[in-house]
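Hello,

Here is the structure I promised to pass on to you. My notes on what turned up in it follow below.

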Amino acid sequence: LQESYELHLLVREKHTRWRIDSIRKDVQIHEVDLSETEKLNSVVKEIKPDWIFHLAAYGAYSQQTNIHRMIQTNITGTVNLVEACLKTGFESFVNTGSSSEYGFKSYAPSERDLLEPNSSYAVTKASATLYCRFMSLSHQMHFATLRLYSVYGPFEEPTRLIPTLITYGLQGKLPTLVNANIARDFVYIQDVNDAYLLAANSKEIGAIYNIGTGRQTLMDEVVTTVRRKMNVTAEPSWGTMQDRSWDTAVWVADNKNVQASLNWAPRYDFEQGFEETRNWFLERPEMIQFYQRYQQIHS
């Protein structure tokens, strides 16, 4: 929008509106489910997009457990969107993958490493990545998949860790917490946005890129940063929240490929990204209230 591109959004019926309410008048919105093949084909034919950013997913949150919906959204939905876009032609199709496709590794896996998905969701995301790569190679069209690590920042889902820590921190509190030694590679949203644009501008065929900082952060380090940056005196209560099935002490990106291929590198370390996120909340009291209400309803 800032660069005056014509932007179309494909959204589901009864989609979540709050993230896009402020730009609705500046974009063209099309209500279509990726499982509705005929309608999807018609919408894509009408738009004739040059760049496609495929962000639809189901199963990334712990409460999203319906395997049939994962397959319908992550695999069938991807196939349907790819086929619709191939009919009209395009410059770039950027698919959204997941670091969970690698499964549990004791090191930072590269894009060439064996995939060992550690959940049904991860299996469906790996399937979509492999399909996009296959279609890119077979059609010699530009597809890229970004395997995202732990993205955070403004507009993140309210029940996620970082916004929860901030809303609690504003009250001088800390929420329930998992094991202190659980690790994540936290990558700030602006760095991720940069990667999407670089991937769209690239002309590589069948590309897959790990998008993470290359440095993992333990939960203990996260909470220490929160307490220092928000003057929280409350002591953490480790282990008061049950670990998730995908929690691990090693989760970090090998981002050498994307650095070499796209000249991408993260500009924000965790402390800087956290400050940016905290400041975004402080500048928007209405969002603090919205997040707190949302967390209360869904807790």
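First, a term: on a 1 Å grid over the protein atoms alone, a cavity is a set of points where a 1.4 Å probe fits but cannot get out, and lining residues have an atom within 4 Å of a point. A volume is the space filled by probe spheres set on the points, which are joined across faces, edges and corners.

Please keep in mind that this is a predicted model, where local features need pLDDT of at least 70, side-chain atom pairs count only at pLDDT 80 or more, and totals for chains, interfaces and linings use all residues. Residues are numbered from 1 along each chain as its sequence is written, and side-chain values use heavy atoms, with hydrogens and water left out.

A search of the whole structure gives 1 cavity of 30 Å³ or more. The largest cavity has a volume of about 70 Å³, and its lining includes Tyr102, Tyr107, Tyr149 and Trp251.

There is also a pocket to look at, meaning an open set of points with protein on both sides within 12 Å along at least five of seven lines. The second largest pocket has a volume of about 150 Å³. Among the residues lining this pocket are Phe186, Arg215, Glu221 and Asp269.

Lastly, the axes (lines fitted to C-alpha atoms over the stretch in contact) of α8 and helix α9 (residues 285-298) come within 6 Å and cross at roughly 100 degrees. That makes α8 roughly perpendicular to α9, a label for angles of 65 to 115 degrees. In this contact (heavy atoms within 4.5 Å), α8 supplies Trp280, Phe281 and Leu282, while α9 supplies Pro285, Met287, Ile288 and Tyr291. Helices here are DSSP runs (H or I) of at least four residues, numbered from the N terminus.

Best wishes

Terms used
Axes fitted to C-alpha atoms, helices over the stretch in contact; angles between N-to-C directions. Helix = DSSP H or I, 4+ residues; strand = E, 2+ residues; numbered from the N terminus. Parallel < 35°, antiparallel > 145°, perpendicular 65-115°, else oblique.
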